[in-house]
Amino acid sequence: MILSIGNHDIGFNGYQDGDLDKNTNSYYLYAPQETKTAADGSKILPKVQERNTYNYHTLGNTVHLTLDSGYALRNAGDQEQFFDDTSAKFPDRARMANFHVPMFPACFDNPSDVDMAADAVKYWGPLFEKNNFASVFENHKHLYKKTFPIKDGLPNPGGDGVVYFGGGNWGIN
């Protein structure tokens, strides 16, 4: 399982800038999503304080980015550079991503989600397109959706673009 941080993991909605203690938060303690290389070359888990809410995994001929859509970290800044660095590191792999709050939701029911989606469209949308991401998996809403390919922020049926899947909760109502 490749997990991304969300409101149920941290106990508050995004963009609330709540107090997040890595030493007691279950996401950081029980769902580490990254490794680092030890002195002997082996892969080990980073210490809790060194764990990020964004990272990547390679699966077969793909690279899969996990992003933080505004819970512990905002969209702009470090994650933008992470997009470009990771895409450059794996130029010949198909690219996918996952995060919590959808960029193109089927519905909005929380005011902070509107701001979070707008920032993701602004900062990440161009990066998904620039780096030729095939698909993006979004997980916050308790429904399922699949978009047409989206290019330049608009549906592009039958054409190029990024397909956004999800809504979240694995279909559980």
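**Surface, fold and side-chain pairs of a predicted model**

Biologist: How much accessible surface does the chain have, and what share of it belongs to carbon and sulfur atoms?

Modeller: The accessible surface comes to about 9,200 Å², and carbon and sulfur atoms account for 53% of it. Please bear in mind that this is a predicted model.

Biologist: Then how confident is the predictor, going by the average pLDDT of the chain?

Modeller: The average pLDDT is 86, and 94% of the residues score at least 70.

Biologist: Which elements have the lowest and the highest mean pLDDT?

Modeller: The lowest mean, 78, belongs to helix 1 (residues 7–10). The highest, 95, belongs to strand 4 (residues 62–66).

Biologist: How many helices and strands are there?

Modeller: The chain contains five helices and ten strands. Its radius of gyration is 16 Å, close to the 16 Å that the globule rule gives for 173 residues, so the chain is as compact as a globular protein of that length. The C-alpha trace spans about 50 × 40 × 30 Å along its principal axes.

Biologist: What percentage of the residues is buried?

Modeller: Of the 173 residues, 44% are buried.

Biologist: And among contacts between residues at least 6 apart in sequence, what share joins residues at least 24 apart?

Modeller: That share is 63%.

Biologist: Changing topic to charges: how many salt bridges does the count come to?

Modeller: The count comes to three. In general, side chains of opposite charge can pair when their charged atoms come close.

Biologist: What do the side chains of Lys 36 and Glu 50 form?

Modeller: They form a salt bridge, with 3.0 Å from N to O. Lys 36 belongs to strand 1 (residues 36–37) and Glu 50 to the loop between strand 2 (43–44) and strand 3 (55–59), so this pair ties together parts that are 14 residues apart in sequence. Lys 36 is partly exposed at 33% relative accessibility, and Glu 50 is partly exposed at 40%.

Biologist: Where do Lys 130 and Asp 84 lie?

Modeller: Their side chains meet in a salt bridge of 3.0 Å, N to O. Lys 130 is in helix 5 (residues 125–130) and Asp 84 in helix 3 (residues 78–89), so the pair ties together parts that are 46 residues apart in sequence. Lys 130 is exposed, at 53% relative accessibility, whereas Asp 84 is partly exposed, at 23%.

Biologist: What about Lys 145 and Glu 138, buried or exposed?

Modeller: Both Lys 145 and Glu 138 are buried. Their side chains also meet in a salt bridge, at 2.5 Å from N to O.

Biologist: On to the rings. How many aromatic pairs does the structure hold?

Modeller: The structure holds twelve aromatic pairs. One of them joins Tyr 27 and Tyr 28 edge-to-face, with 5.8 Å centre to centre and 90° between the planes. Tyr 27 is buried, at 5% relative accessible area, and Tyr 28 is buried at 4%.

Biologist: How far apart are the ring centres of Phe 104 and Tyr 164?

Modeller: Their centres are 4.9 Å apart and their planes lie at 65°; over 60 counts as edge-to-face, so that is how this pair is classed. Phe 104 is in the loop between strand 5 (94–99) and helix 4 (111–123), while Tyr 164 is in strand 10 (residues 163–166), so the pair ties together parts that are 60 residues apart in sequence. Tyr 164 is buried, with a relative accessible area of 2%.

Biologist: Which residues do ring pairs link into a cluster?

Modeller: The cluster consists of Phe 83, Phe 99, Phe 104, Trp 124, Phe 128, Phe 133 and Tyr 164.

Biologist: Now the backbone. What is phi of Asn 132, and where is its place?

Modeller: Phi of Asn 132 is near 55°, a positive value in a residue other than glycine. Asn 132 sits in the loop between helix 5 and strand 6 (133–138), and it is exposed at 60% relative accessibility.

Biologist: And what phi does Asp 152 have?

Modeller: Asp 152 has a positive phi of about 55°, although it is not a glycine. Its place is in the loop between strand 8 (150–151) and strand 9 (154–155). Asp 152 counts as exposed, at 62% relative accessibility.

Methods:
Residues are numbered from 1 along each chain as its sequence is written. This is a predicted model: local features need pLDDT of at least 70, side-chain atom pairs count only at pLDDT 80 or more; totals for chains, interfaces and linings use all residues. Side-chain values use heavy atoms; hydrogens and water are left out. A salt bridge is a side-chain nitrogen of Lys or Arg within 4 Å of a carboxyl oxygen of Asp or Glu. Helices (H or I, at least four residues) and strands (E, at least two) are DSSP runs, numbered from the N terminus. Buried means under 20% relative accessible area, exposed over 50%, partly exposed in between (1.4 Å probe, protein chains only). pLDDT is the predictor's confidence in each residue, from 0 to 100. The radius of gyration is taken over C-alpha atoms; the globule rule is 2.2 Å times the number of residues to the power 0.38. Contact means heavy atoms within 4.5 Å. Accessible areas come from the Shrake-Rupley method with a 1.4 Å probe; for residues, only the protein chains shown count as cover. Rings of Phe, Tyr and Trp (its six-membered ring) pair if their centres lie within 6.5 Å; planes under 30 degrees apart count as stacked, over 60 as edge-to-face and the rest as tilted.
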